[in-house]
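The following exercises are to be worked with the sequence and the structure at hand. Each task is followed by a solution in steps.

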Amino acid sequence: MGRRILGLALVAIGVWLLREALYAVILLVERGSPLGPALMEPPTSLPRIISTGLILLGGILATLIARLGGVSALIGSLLF
């Protein structure tokens with residue numbers, strides 16, 4: 001039960017972090033910048049999107065009681 005609650009909390013935090021990471025990229029693209037430079041303009045945009053994906057994956061796996069959920073979330077958190 002505790003693992004599922006923590007997994008759902010990780011999913012919620014991951015969704016929020018992904019929204020914030022994508023917001024900067026979307027803002028640059030809307031202003032006319034191509035997608036490639038928009039992902040690399042703030043040098044942390046692409047690593048944040050990738051690490052947030054790992055956090056989301058870990059949260060979903062932890063919610064489903066999979067063993068690799070915690071590891072994936074930990075790696076994503078450390079990369080973030």
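**Exercise 1.** Determine whether Leu56 is buried or exposed, and find its contacts.

*Solution.* Step 1: the relative accessible area of Leu56 is 15%. Step 2: buried means under 20% relative accessible area, exposed over 50%, and partly exposed in between, with a 1.4 Å probe and protein chains only. Leu56 is therefore buried. Step 3: contact means heavy atoms within 4.5 Å. Leaving aside neighbours within four places in sequence, Leu56 is in contact with Val11, Gly14, Val15 and Leu18. Step 4: the C-alpha atoms of Leu56 and Gly69, 13 residues apart along the chain, are separated by 9.3 Å.

Two remarks apply to every exercise. The model is predicted, so local features need pLDDT of at least 70 and side-chain atom pairs count only at pLDDT 80 or more, whereas totals for chains, interfaces and linings use all residues. Residues are numbered from 1 along each chain as its sequence is written, and side-chain values use heavy atoms, with hydrogens and water left out.

**Exercise 2.** Describe the helix that holds Leu56.

*Solution.* Step 1: Leu56 lies in helix α3. Helices (H or I, at least four residues) and strands (E, at least two) are DSSP runs, numbered from the N terminus. Step 2: α3 covers residues 45-63, which is 19 residues. Step 3: the expected span of a helix is 1.5 Å times one less than its number of residues. From first C-alpha to last, α3 reaches 27 Å, close to the 27 Å expected. Step 4: the buried residues of α3 include Ser45, Ile49, Leu56 and Gly59. Its buried residues pack against α1 (2-30), α2 (35-40) and α4 (68-79). Step 5: just after α3, Ile65 takes a positive phi of about 60 degrees.

**Exercise 3.** Identify which residues make up the largest nonpolar core.

*Solution.* Step 1: a nonpolar core is a set of buried Ala, Val, Leu, Ile, Met, Phe, Trp, Tyr and Cys residues joined through side-chain atoms within 4.5 Å. Step 2: the largest has five residues, namely Ala21, Val25, Ala38, Leu39 and Ile49. Helices α1 and α2 each supply at least two residues of this core. Step 3: not counting residues up to four places away, Leu39 touches Val25, Ser45, Leu46 and Ile49.

**Exercise 4.** Summarise the protein as a whole.

*Solution.* Step 1: the protein has four helices and zero strands, in the pattern α-α-α-α along the sequence. Step 2: the C-alpha trace spans about 45 × 15 × 15 Å along its principal axes. Step 3: buried residues make up 26% of the 80 residues. Step 4: of the contacts with a separation of 6 or more, 56% join residues 24 or more positions apart.
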